[in-house]
Amino acid sequence: MTTHRAANGTGRHRRRPELAAFLRNRRARVTPGDVGMAPGLRRRTPGLRREEVAQLSGVGITWYTWLEQGRPINVSPQVLDAVARTLRLDPSEREHLYHLAEVAHAPDRQSDVIEVGPEIQGIIDALDPHPAVVYNSRYDVLATNPAYLDLFAVPETVAIGARVRNVLWTLFTVSEEGCPVVHRSRELPIMVATLRGAYGRHMGEPAWESFVERLSAASPYFAELWRSGDVAPPGPRVKVFRHRAVAGDIRMTSVSLSINGMPECRIVAYTPADADSRERMAVLRSRRRA
């Protein structure tokens with residue numbers, strides 16, 4: 001425990017001068033003209049003064065000075081956002097500012113992305129014959145390769161007031177016998193806990209609230225799991241599928257991969273966990289080609 005506190009204290013000590021240098025650097029590159037101010041006289045540098053940043057951000061000059069000096073002051077996300085807007089920080093710079101200021105970072109909300117670009121589609125297509133899919137944090141299906149559809153075809157449904165393909169909606173609204181995921185009582189609670197881990201960033205958003213409300217009404221089992229309040233991040237594990245075209249279980253190892261520029265989306269790739277599963281996936285692939 002002592003080692004942890006010492007390491008944590010060292011990290012804070014190193015972040016504060018880094019925060020000070022970062023803010024000074026970004027303040028220097030924003031000119032008065034960039035923010036609609038007259039340049040004025042006797043300006044030592046082309047960038048903004050501290051008092052100008054404070055004024056434009058709606059904070060006190062003393063508070064901002066202390067922030068730029070790296071002093072241990074209380075910082076709220078709202079105020080940090082205001083400073084980030086004044087300094088015209090891009091998303092990666094904003095995240096870096098949050099990290100240096102030791103404030104939990106809330107990424108730009110992109111959970112409602114409904115399509116991916118050709119580069120990402122090309123990556124998941126190249127993974128064939130291994131199944132691959134792109135999910136957002138609500139488990140909407142944004143893109144798939146043919147092998148994923150061989151394993152698990154997700155139909156469109158009216159899940160959030162629009163026609164989308166959503167894995168959770170499919171798994172919770174089919175019968176247990178018709179569910180393509182074996183060990184439903186083990187897998188579905190993990191998925192709901194992963195959904196709740198993302199929900200905290202979107203509480204109050206109409207699309208998210210509508211999705212949870214509609215699925216709770218459609219599935220008492222989902223409603224029960226949602227009320228448990230369990231939270232979990234995405235992670236690798238072995239999932240077991242059943243398919244009417246082959247006899248026996250298909251055991252697949254799933255791995256989640258983050259996507260740069262799409263912070264709430266991920267590629268999930270599947271590989272057979274044993275020789276029998278590899279043969280069964282080959283059968284599904286041959287049926288598709290036929």
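This is a predicted model: local features need pLDDT of at least 70, side-chain atom pairs count only at pLDDT 80 or more; totals for chains, interfaces and linings use all residues.

Reader: In what sense do strand 1 and strand 2 pair, and over how many bridges?
Author: Strand 1 and strand 2, the latter being residues 141–144, pair in the antiparallel sense over 3 bridges.

Reader: How many residues lie between strand 1 and strand 2 in the hairpin?
Author: There are 4 residues between the two strands of this hairpin. In the turn, Tyr139 has a positive phi of about 70°.

Reader: And which residue of strand 7 is the bridge partner of Tyr135?
Author: The bridge partner is Arg266. Strand 1 and strand 7 pair over 5 bridges, in the antiparallel sense.

Reader: Which way do the residues of strand 1 point?
Author: Ala132, Val134 and Asn136 point one way, while Val133 and Tyr135 point the other way. In a regular strand, side chains alternate between the two faces of the sheet.

Reader: New topic: which residues have the most contacts inside the largest nonpolar core?
Author: They are Tyr135 and Val167, in a core of 36 residues. Helix 9, residues 184–199, gives the most to this core, with 6 residues.

Reader: What does Tyr135 touch, leaving out residues up to four places away in sequence?
Author: Its contacts include Val141, Leu142, Tyr148 and Val167. Also among them are Glu264, Cys265, Arg266, Val268 and Tyr270.

Reader: Back to helix 9, please. Which of its residues are buried?
Author: Among them are Arg184, Glu187, Leu188, Met191, Val192 and Leu195. What covers the buried residues of helix 9 includes helix 8 (167–173), helix 10 (206–218) and helix 11 (220–228), together with strand 5 (237–241) and strand 7 (262–272).

Reader: What span should helix 9 have, and how far apart are its end C-alpha atoms?
Author: At 1.5 Å a residue, the 16 residues of helix 9 should span 22 Å. The end C-alpha atoms are 22 Å apart, which agrees with that expectation.

Reader: Now for charges. How many salt bridges does the structure hold?
Author: The structure holds 12 salt bridges. One of them joins Glu93 and Arg26, with the closest N and O atoms 3.1 Å apart. This pair links distant parts of the chain, with Glu93 in helix 5 (residues 91–100) and Arg26 in helix 1 (residues 2–29), 67 residues apart.

Reader: Is Glu93 buried or exposed?
Author: Glu93 counts as buried because its relative accessibility is 11%, and the cut-off for buried is under 20%. Arg26, at 17% relative accessibility, also counts as buried.

Reader: Which residues are linked with Glu93 in a network of salt bridges?
Author: Arg26 and Arg29 are linked with Glu93 in that network.

Methods
Residues are numbered from 1 along each chain as its sequence is written. Side-chain values use heavy atoms; hydrogens and water are left out. A nonpolar core is a set of buried Ala, Val, Leu, Ile, Met, Phe, Trp, Tyr and Cys residues joined through side-chain atoms within 4.5 Å. Buried means under 20% relative accessible area, exposed over 50%, partly exposed in between (1.4 Å probe, protein chains only). Contact means heavy atoms within 4.5 Å. The expected span of a helix is 1.5 Å times one less than its number of residues. Two strands pair if DSSP finds at least two bridges between them. A salt bridge is a side-chain nitrogen of Lys or Arg within 4 Å of a carboxyl oxygen of Asp or Glu.
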